[in-house]
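Here's a chain worth a slow look. Have the sequence and the 3D view open side by side while you read.

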Amino acid sequence: METIDITYIILGAILLLAFVLVKKSLVIVSQSETRIVERLGKYYATLKPGINIIIPFIDRAKTMVTLVGGRYVYTNSIDLREQVYDFDKQNVITKDNVQTEINALLYFQIVDPFKAVYEINNLPNAIEKLTQTTLRNIIGELELDETLTSRDTINTRLRAVLDDATNKWGIKVNRVELQDITPPATVLQAMEKQMQAERNKRATILTSEGQKAAAILQSEGQKEARINQAEADKQTEILRAEGEAQARIRRAEAESIAIDKIAEAVGKNSNPASYMLAQKYIEMLQEVASGDKTKTVYMPYEATNLMGSIGGIKDLFKES
């Protein structure tokens, strides 16, 4: 019985050892992950997703540092997916000597696991320190206003520098985003005052431009009104002059007709002009007689002609 018990114990130990050896020989790698295997301390292979066979106690997976939940953790699985590091705020000084707090997001991906394991000791810490120093250099070349308004430029420059520097680590930096840029409280107050002053300035400029435009439009309106009034006055004078000319022409035509009628009435041997002149003299004398009696009236030198004209009228009536 003792011999049978020992046999079972040995058989059980062999089965247990075989199970342990099989378990350690089979390595299952998840999708989008990989492992670096060393054989007797030397690089042997990069495992692919799925089932991989290694030699227990001779082959072992190389560990590397990764960032999990804000803490550095050692792991033998290398994640090939894109990862994001959210770095804590850091103080940087701008070109105009303003101390500002900035935190950044870094999106990167391991493209060469061999370099990520053997070219750098602590990959997350190296990326963080490199990002901080590069960000300080870039911000140090910009003034505060440029820093606040040039995020895309800063992101592009930072990504280019990080991508070039981390290439030897087997890292591909895809994007860099600045989350928050926080100037000191005193600077924020000064910026608010400056912004308010700028708004007041723009409002004043807009008001003055509006008043200027209104004055210009008003003067142009007055100018147009004066031009229109002048044109109207001009047309009125032209029409009045044309009317007077037409009236004079009509009066002249009427007088011509009247003279012709008088000539017909007085006969061919008589002068109608003498008759008309005598009539004008008579009308003038009537106006003089009906005027102011205190005024002195001077008779024209040719008064004898008036008497002759009256005598001519007498002769006209005799002949008729």
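What follows is a short tour, from the overall makeup to the core, the surface and the charged pairs.

First, some ground rules: this is a predicted model, where local features need pLDDT of at least 70 and side-chain atom pairs count only at pLDDT 80 or more, while totals for chains, interfaces and linings use all residues. Residues are numbered from 1 along each chain as its sequence is written, and side-chain values use heavy atoms, with hydrogens and water left out.

**Overall makeup**

The chain has eight helices and twelve strands; these are DSSP runs numbered from the N terminus, with at least four residues (H or I) for a helix and at least two (E) for a strand. Of its 320 residues, 24% are buried, where buried means under 20% relative accessible area, exposed means over 50%, and partly exposed is in between (1.4 Å probe, protein chains only). Take the contacts (heavy atoms within 4.5 Å) with a separation of 6 or more: 61% of them are between residues 24 or more positions apart.

**The inside**

The largest nonpolar core has 31 residues. Such a core is a set of buried Ala, Val, Leu, Ile, Met, Phe, Trp, Tyr and Cys residues joined through side-chain atoms within 4.5 Å. Helix H3 gives the most to this core, with seven residues. Ile127 is among the residues with the most contacts inside the core; beyond its neighbours within four places in sequence, Ile127 is in contact with Tyr85, Phe87, Leu106, Phe108 and Trp169. A second, separate core has five residues, including Val27 and Leu47.

Leu21 sits in helix H1 (residues 2-25) and is partly exposed, at 32% relative accessible area.

**Charged pairs**

Side chains of opposite charge can pair when their charged atoms come close. The structure holds seven salt bridges, each a side-chain nitrogen of Lys or Arg within 4 Å of a carboxyl oxygen of Asp or Glu. The table lists some of them.

| Pair | N to O distance |
|---|---|
| Arg60 and Glu38 | 3.6 Å |
| Arg39 and Asp59 | 2.6 Å |
| Asp79 and Arg81 | 2.9 Å |

Arg39 in strand E2 and Asp59 in strand E5 are 20 residues apart, so their pair links distant parts of the chain. Arg39 is partly exposed at 27% relative accessibility, whereas Asp59 is buried at 5%. Likewise, Glu38 is buried at 4%, while Arg60 is partly exposed at 49%.
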